[in-house]
Amino acid sequence: MSRTSRTSRTALLAALGLITATGATATVFGTATAGAAAPGCKVDYQVTNQWSTGFGANVTVTNTGDPVSAWTLEWSYAGNQQVTQGWNATITQAGAAVTAKNASYNGALATGGSTSFGFNGTYSGTNAVPATFKLNGVTCNGATEPTEPPTTPPTTPPTTPPPAGSKVDNPYAGAKVYVNPDWSAKAAAEPGGSRIANQPTGVWMDRIAAINGTPGARGLRAHLDEALKQKGSGELVVQLVIYNLPGRDCAALASNGELGATEIGRYKTEYIDPIAAILADPKYAGLRIVNAVEIDSLPNLVTNVSGRPTATANCDVMKANGNYITGVGYALNKLGSIGNVYNYVDAGHHGWLGWDSNFGPSAELFKTAATAEGSTVDKVHGFIVNTANYSALKEDHFKIGDSVNGTSVRTSKWIDWNQYTDELSYAQAMRDKLVSIGFNSNLGMLVDTSRNGWGGTQRPTGPGALTNVDTYVNGGKYDRRIHLGNWCNQSGAGLGERPQPAPAAGIDAYVWMKPPGESDGASKEIPNTEGKGFDRMCDPTYTGNVRNGNSMSGALPDSPLAGAWFSAQFQELMKNAHPAL
């Protein structure tokens, strides 16, 4: 959906094609024509998803030459590919020839600037990389090397603060994303972990002490200083998880948090205010700071309160005192007032809010929180789904409209009358709903894909048997949890889609907001001073409750406290990664 914008004029582009589904690559660099400035542009063409009759692609334009103020990119397909839907560019097709023109907000490309657009398409047979690209009528061909090697990136942050850029539509477009050195070192120390140790992950501000740093984990300023080093001369996103509401996680016990139900004052003055003061430091104005705001909070006020079979006394307390609404509104207002901060509010996942009785009321509650404590919907850049959860990104072998022998798949035990089968369809539908009730039309969604790959040898390759709706769904579904309500250290889970910008319509990025290898909670009670409790859902011997259909928990054994390193889980996630490592 949304992309970056920058200042620019005319230049040549080159093209780099990358098809992840097939591994094929093709690199084409532009050469200068008479009277033109030095060459220096490239196009990154990447197939982000591919199935038997269709595909999704993302195209990133990077200008390393003179500025341009508008661009038209052209290519032709060798096969029968047809673009069916695009975003962040106006895309037309005549026969095999495709033309993509910039949108109103991303035509300007300064030297070093990038922007992205994406599209879905159909094909049959092969889906080959386009062989030739033209930018503004100039063919990109031949190989051109820079006349001088690039300078070494600075090893210390710039001494003068970078200028604050205007807020862009999609902060991930054309930007690198911060790699947390603390997590990266743990990942790299694992056998095989170096394959993913350079991936960007979220930094969890899960208690007041995390702001200044805890043993083995640097504080917020130290992360931002490191981010300036990683940024160099380009754009860089830093991902923070704002997670410390009073009475936190009222329906679970693994991470109840340090603040009691009534301690909203401490939340404001000891937690949000210090974070806001650091983020507002002009030194960090050149960073794009993405906040995932208070996961596992607001939907509890819909689904786990009196009148529901899943009600808990703690959630009734939080609904009555209003401190979830107050806290989220305060955080959005305080943090969203900083020019380079992008707030994405947690919107649960399809296995929590996908039913009609939960979906609409939750959207309305999000708006209530977004307009509390002086905040407005303009302080919400988007929403994030599946944070620290396991729901499959896209179920390919069944759709919500399918039926078996005249019976709707919605009646199956797995779907259980849900309106959605996966996170992509849920995220896009939730976005539409939120826009319809007053959120901004350019709202962007994030999907946490850190642990929803469900790959490995047990991954289905086709639909299940047509005996009945249960055999059809269970035989074809990727998600191998015992029940959609299971959330703690799930056995068989795998790394999902790698972090990437603009992978689908309305989606700003796939992200790894939950760092793979960090536990969801302890499998037995472990005394601690971090506000981390014990939830039987993390115990592999637990036979369940009403929230998971009284099913086994599906949790891995011998897990440590929430947020602590869990080597066995990390190894399982790599083994079951999809796409495979």
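Twelve helices and 24 strands make up the secondary structure of this chain. Keep in mind that you're looking at a predicted model. Of the 581 residues in the chain, 57% are buried.

**The chain as a whole**

- Take the contacts between residues at least 6 apart in sequence: 77% of them join residues at least 24 apart.

**How α3 packs on α4**

- A pair of packed helices is described by two things, the angle between their axes and the distance between those axes.
- Here, α3 covers residues 220-231 and α4 covers residues 264-279. Their axes sit 10 Å apart, at an angle of about 25 degrees.
- Because angles under 35 degrees count as roughly parallel, α3 is roughly parallel to α4.
- If you follow how α3 and α4 cross, the crossing is right-handed.
- On the α3 side, the residues that meet α4 are Leu220, Arg221 and Leu224. Their partners in α4 are Ile275, Ile278 and Leu279.
- Sorted by class, this contact of α3 with α4 has five nonpolar residues, no polar ones and one charged residue.

**How α4 packs on α7**

- Helix α7 spans residues 323-336 and packs against α4 at an angle of about 20 degrees. The axes of α4 and α7 are 10 Å apart.
- That angle makes α4 roughly parallel to α7, and the crossing of this pair is right-handed.
- From α4, the residues taking part are Ile264, Tyr267, Lys268, Ile272, Asp273, Ile275, Ala276 and Leu279.
- Facing them in α7 are Asn323, Thr326, Gly327, Tyr330, Ala331, Lys334 and Leu335.
- By class, the contact of α4 with α7 has nine nonpolar, three polar and three charged residues.
- Look for Ile275 and Leu279 of α4 in both pairings: they're listed in the contact with α3 and again in the contact with α7.

- You'll find Asn244 in the loop between β16 (235-242) and α4.
- Is Asn244 buried or exposed? With a relative accessible area of 0%, Asn244 is buried.
- Leaving out neighbours within four places in sequence, Asn244 is in contact with Asp206, Arg207, Ile208, Glu258, Leu259, Tyr267, Tyr271 and Glu294.

**Backbone details to look up**

- Asp416 isn't a glycine, yet its phi is positive, at about 55 degrees.
- Trp417 also has a positive phi, near 70 degrees, and isn't a glycine either.
- Where are they? Asp416 is in the loop between β21 (407-408) and α10 (423-436), and Trp417 lies in the loop between β21 and α10 too.
- Asp416 counts as partly exposed, because its relative accessibility is 42%. Trp417, with a relative accessible area of 47%, is partly exposed as well.
- The peptide bond from His578 to Pro579 is cis, with omega near 0 degrees. Look for Pro579 in the segment after α12 (567-575).

Definitions and conventions:
Residues are numbered from 1 along each chain as its sequence is written. This is a predicted model: local features need pLDDT of at least 70, side-chain atom pairs count only at pLDDT 80 or more; totals for chains, interfaces and linings use all residues. Side-chain values use heavy atoms; hydrogens and water are left out. Axes are lines fitted to C-alpha atoms, for helices over the stretch in contact, and angles run from 0 to 180 degrees between N-to-C directions. Helices (H or I, at least four residues) and strands (E, at least two) are DSSP runs, numbered from the N terminus. Angles under 35 degrees count as roughly parallel, over 145 as roughly antiparallel, 65 to 115 as roughly perpendicular and the rest as oblique. A crossing is left-handed if the near helix is turned anticlockwise from the far one by less than a right angle, and right-handed if clockwise. Contact means heavy atoms within 4.5 Å. Ala, Val, Leu, Ile, Met, Phe, Trp, Tyr, Cys and Pro count as nonpolar, Asp, Glu, Lys and Arg as charged, and the others, Gly among them, as polar. Buried means under 20% relative accessible area, exposed over 50%, partly exposed in between (1.4 Å probe, protein chains only).
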